[in-house]
Amino acid sequence: MSLFTRKESLPIPPKDAERYTTVCQYCSAGCGYNVYVWPVGRNGSAKNNAFGIDLSMQSPMLSGHSYTETMHNVITRKNGISYNLAIVPAKESRINKGNYSVRGGTNAIAAWSDTGYTKKRLKQPLLKKGDSFAAISWTDAVEIIATLTKASIDRYGADSIAMKFYDHGSSGLGFEDNWAAGKLFLSGIRTNHLSIHNRPAYNSEVWGTRERGMHELNYDVDDARLADTVVLWGANAYEAATILYTEHIMPNLQGASMDEKKSAFDTGEPAAEGRLIVIDPRKNASVTVAQAIAGGRVLHIRPNLGTDWILANAIARIAWENGWYDKAFLEKRTDMKTFEEYKAKSLQLAKPLNDLLAEAEKITGVSRKEMEQAAEWIAKPKSGGFRARTLTIYEKGIIWNMKNYDQVAAIAQLSVLTANIGRPGTGCGREGGHQEGYVRPPAPTPGSIYAGGPPKNVDKFLTGGGGKIYWVGATDPYLSTPNSQFFRKVLKKRSATLLDHIDHGGVPSDPKELVARVLDAFEKTDGLFMVVQDIYMTQTGNDAMLILPAAGWGEAADTSINCHSRLLRIYDKFMDAPGEALPDWKILSMVGMKLRELYTAAGNKEMADRFSDMDWKSDEEVFLAGSREFGDNRVPETEEAKLSPECYKGVTHQILRKLGNTGIQTPVRVDPSTGKLVGTKRRYKYSFATTDGRFRWYGTDPWSGYPPEVAKYVGNPKYPYWFTTGRSQLVWQTMYHDRYLPEKYFALPLPYIEVHPEDAAHLGIRGGDMVEVFNEEGSSIALVYVNDACKPGLVFGIMYHAKGSMNHLTSSYTDPKTTMPWYKGTKVGIRPYHGTPDEAIRTTSLLPNNNFS
Amino acid sequence: MSPLNRREFLQTSSASLALAVLGLSGKADGAAANKYPSIRIGNIRDLKTGEPVQFNYPDKSSPCNVVMLNGNAVGGIGPFSNVVAFSALCPHMGCPVNYSNGRFVCGCHYSMFDAAKNGQTYQGLASQWLAQVSLRLDKASGNIYAEGIEGLVYGRIGNLNIS
Ligand code: SF4
Ligand code: FES
């Protein structure tokens, strides 16, 4: 009867079960979890167990202890013995307090199990042989890559090697893997054709704030409970950073954090139930949940796509006109020379207020009244003259907007103008996607066009025929890169060209013979040698010559920080990786060491030296090697702004194991008076991260319409709908795990779009129908859900899904200042598609996911 | 998990909450160890579309809802396969769920479960779907019997392992 086999009881961990602490492998919230491992058959009892809870009783609601069907699995270690694995939310974590989301609740069933859902993990290095792959040894795989890399550097220069790797933490990655990737690609190979997992270049997503002297992770999760007003700007926290919303923003709206406010605020300062401003074209669940809780204290503003920086500047101008800023703060903490530029270009003080606001209304589609309301909530001092406390959290709606640099800068500057930084209940930063864990040698491009940039667009380099080797780590660009249909088409062809050239009488297994043929192909064709390093086979991987199996979360000890507190914790190893899979740092280390050996043998000491210091023996060794990049951190609290935001110098895996779910907040300092390691709760209380400690202002560009890549659709009746993309609450990224979990693939069986009822009626489609979404970039087939999240004329699509990508439709535009794509805005046509997805409709819910009433 | 959450519940969903609280100390009545009891939970002729009726199953501390939906449902019984029953405890953290418009909504963190689609979480925080009660219809009398549960009732190590 049930769509899949359900569990009706769970094994109990005995008192002596192995225990580990970890952090959720998924989103930026970074919820704490406890892990229990014990041999199958050696269960504890209801009264005597590792949870320390009497399990013979029905547990009350909100007890903080949850152990559900998705929190248990059976795993097999390399010793051949089967173990029970329980991964439950940590009540003692101040991030989640026992709470968890629909994604993190599956940490256990997503673990590799040869009897469970996740059998399909990659277990051996694979070499493409015609139509299929054959297993090869690590020795051969490493020799093939290293030899080809050396030959490409020697013959065509280091820039002939392109890479696309993560820069984030969690997902089984962390400081360890990031340091290893940095050593190999940035210190060793030194190619300029670097790109980060979710974008075509090696850039910060937020240079617009970093170049002001304000790193994007500057607030603490407590600030979401302390703020008078929380602003979610292009950040759908309920669905994308769920616990930030439900454990911290929601209680603030409900008035449950009043006591905390009273003790954190200044004497006599008014404290009230929180307010929420959501700035998002969609009436998504972050809006409607808040409205269900506190309708009158929720402001939803829906700007036209791409216009947010004009809105931010207009709100700032209203605050300025009303004197809702702190002159002393501006003069003491910010650079008054560049402030003139900000006043002229962003606040446009030369333009009468009425003209400026009328213009802003026209561009953004937001009414003056809403702008005034927002300005008041963000900036108006409270009674008694106390400064407002506003926490502004932005994410991909801003980062992946048109004009990335100006969007981020405008929001950062609005916060600093109104002094909403460095105090309890304030801050201005990212919501985050993944967690973080970045430590690498300096990147070749230090910043935007204002600071040595922009970085190279690697997608354009590859689709233009450039490069010989493309090494992809833990990402699937066929789904995730902008304009992906074109990208896929060209890379498929270039890979096939290479394969065709080397496949005469079959693809040789002998590494030397193989390398010789590949080098011949490099000489005579535009063939591309793709290497994919991942935990599962990917769509990109299908076209790769070489697949490298990586260890996942829980299969090696990793360290990362979350985004809402920069909380550094250990994500401990509690199980073995499948087959011969290895941690990323180990794979990168083997290739680096082989390159060193090859260059040494060739008598090239200079090149050999570039690959030195990569022979790490343990995960902790890589962690410690990375920490040396941070420089001296013996500084007093007043100089925390001088520290690298993720600095963890002095911390060891052992220390983190002791700290468990408590962790320590980066930047970590050695306190000069006590000599002890101390974390940083909240940043920029004393100064900003510039040479003189003052915030650097920037005058944003005026509105100049849409870029040609999108402007070409405006007014064309073939493409009547604006199109934006985003995530679903239910699944993580490309669904690399979720595609195998029935709770997820039955609920979200196909790539989908959400359409307003009026548009659906006009198109003659209903929920559960299939459509083709198309424009001149490409097309995607999608299942239709009907709801009122989008206004008529705007359509939303899941950014990508195991079975397809909406990035076929996104343009190749990137911000010329940063090379950041505009994933979130283009125009499309829609036509009904014939054929009914019977199976999908039988399982998926067609009920609107933004209606809670 | 703020105290206010709990207070709000008392206001917004007092009926189902009371049921859950009453049941806390309940001893399994009729639940033989490791075997689901067959319990008559109502008559199909008494059910009105969209109006849930509460019952306890497999024991007093496990509140459930039976509801007649507008259309057919996974696991539905009756001539239109539209009568389904589910645990009333949210599989996220155990708060009571309330039925409206084809789904169960939890007031704690707003998980929503589609009653026609196996109690699936289509929005919200519950990684586990709502546990669905297996029903049998006695055609002659119209009596509905609960005879098992697919999925784990929140807050238990086993559906039948509560003392
Ligand atoms: S909110 Fe994020 S970190 Fe927390 S459990 Fe969910 S996916 Fe994991
Ligand atoms: S208890 Fe959290 S959504 Fe129901």
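Asp335(A) is buried, with a relative accessible area of 15%; buried means under 20% relative accessible area, exposed over 50%, and partly exposed in between (1.4 Å probe, protein chains only). This residue sits in a predicted model, where local features need pLDDT of at least 70, side-chain atom pairs count only at pLDDT 80 or more, and totals for chains, interfaces and linings use all residues; side-chain values use heavy atoms, with hydrogens and water left out. Residues are numbered from 1 along each chain as its sequence is written, while chains are lettered from A and ligands numbered from 1 in the order in which they are written.

**Asp335(A) and its surroundings**

- Asp335(A) is placed in the loop between α10 (327–333) and α11 (336–345) of chain A. Helices (H or I, at least four residues) and strands (E, at least two) are DSSP runs, numbered from the N terminus.
- Leaving aside neighbours within four places in sequence, Asp335(A) is in contact with Arg694(A), Phe695(A), Arg696(A) and Trp697(A). Contact means heavy atoms within 4.5 Å.
- The C-alpha atoms of Asp335(A) and Val678(A) are separated by 29 Å. Along the chain these two residues are 343 residues apart.

**Helix α12 of chain A**

- Helix α12 covers residues 353–364 of chain A, 12 residues in all. From its first C-alpha to its last it reaches 16 Å, close to the 16 Å expected at 1.5 Å a residue. The expected span is 1.5 Å times one less than the number of residues.
- Buried residues in α12(A) are Leu356(A), Leu357(A), Ala360(A), Ile363(A) and Thr364(A). Seen down the axis of α12(A), they fall within an arc of 125°, so they line one face of the helix. The arc is that of the directions from the helix axis to the C-beta atoms.
- These buried residues of α12(A) pack against α9 (308–321) and α13 (368–379) of chain A.

**Backbone features in chain A**

- Most residues other than glycine have a negative phi, and most peptide bonds are trans.
- Leu62(A) has a positive phi, near 55°, and is not a glycine. Its place is the loop between β2 (32–39) and β3 (72–76) of chain A. At 3% relative accessibility, Leu62(A) is buried.
- Gln733(A) is not a glycine either, yet has a positive phi of about 50°. Gln733(A) is in the loop between β22 (721–726) and α25 (742–745) of chain A. It is buried, with a relative accessible area of 13%.
- Gly453(A) and Pro454(A) are joined by a cis peptide bond, with omega about 5°. Pro454(A) lies in the loop between β13 (427–430) and α16 (458–463) of chain A.
- The peptide bond from Thr666(A) to Pro667(A) is also cis. Its omega is near -5°. Pro667(A) is found in the loop between β19 (664–665) and β20 (669–670) of chain A.

**Ligand 1**

- Residues around ligand 1 include Cys24(A), Cys27(A), Cys31(A), Tyr26(A), Tyr33(A) and Arg103(A). A residue is near a molecule or strand if one of its heavy atoms lies within 4 Å of it.
- The shell around ligand 1 has 7 nonpolar, 4 polar and 1 charged residues. Ala, Val, Leu, Ile, Met, Phe, Trp, Tyr, Cys and Pro count as nonpolar; Asp, Glu, Lys and Arg count as charged; the others, Gly among them, count as polar.

**Chain B: overall build**

- Chain B holds 2 helices and 10 strands. From the N terminus on, the order is α-α-β-β-β-β-β-β-β-β-β-β.
- Chain B has 163 residues, and 64% of them count as buried.
- Among contacts in chain B between residues at least 6 apart in sequence, 49% join residues at least 24 apart.

**Cysteines of chain B**

- The structure holds 1 disulfide over all chains. A disulfide is a pair of cysteine sulfur atoms within 2.5 Å.
- Cys95(B) and Cys108(B) form this disulfide, with sulfur atoms 2.2 Å apart. The torsion about their S-S bond is about -70°, so the disulfide is left-handed.
- The pair links distant parts of the chain, 13 residues apart. Cys95(B) is in the loop between β4 (83–87) and β5 (97–100) of chain B. Cys108(B) is in the loop between β6 (103–106) and β7 (112–114) of chain B.
- Cys95(B) is buried at 2% relative accessible area. Cys108(B) is buried at 1%.
- Cys64(B) is in no disulfide. The nearest cysteine sulfur, that of Cys90(B), is 14 Å away. Cys64(B) is buried at 0% relative accessibility, and Cys90(B) is buried at 2%.
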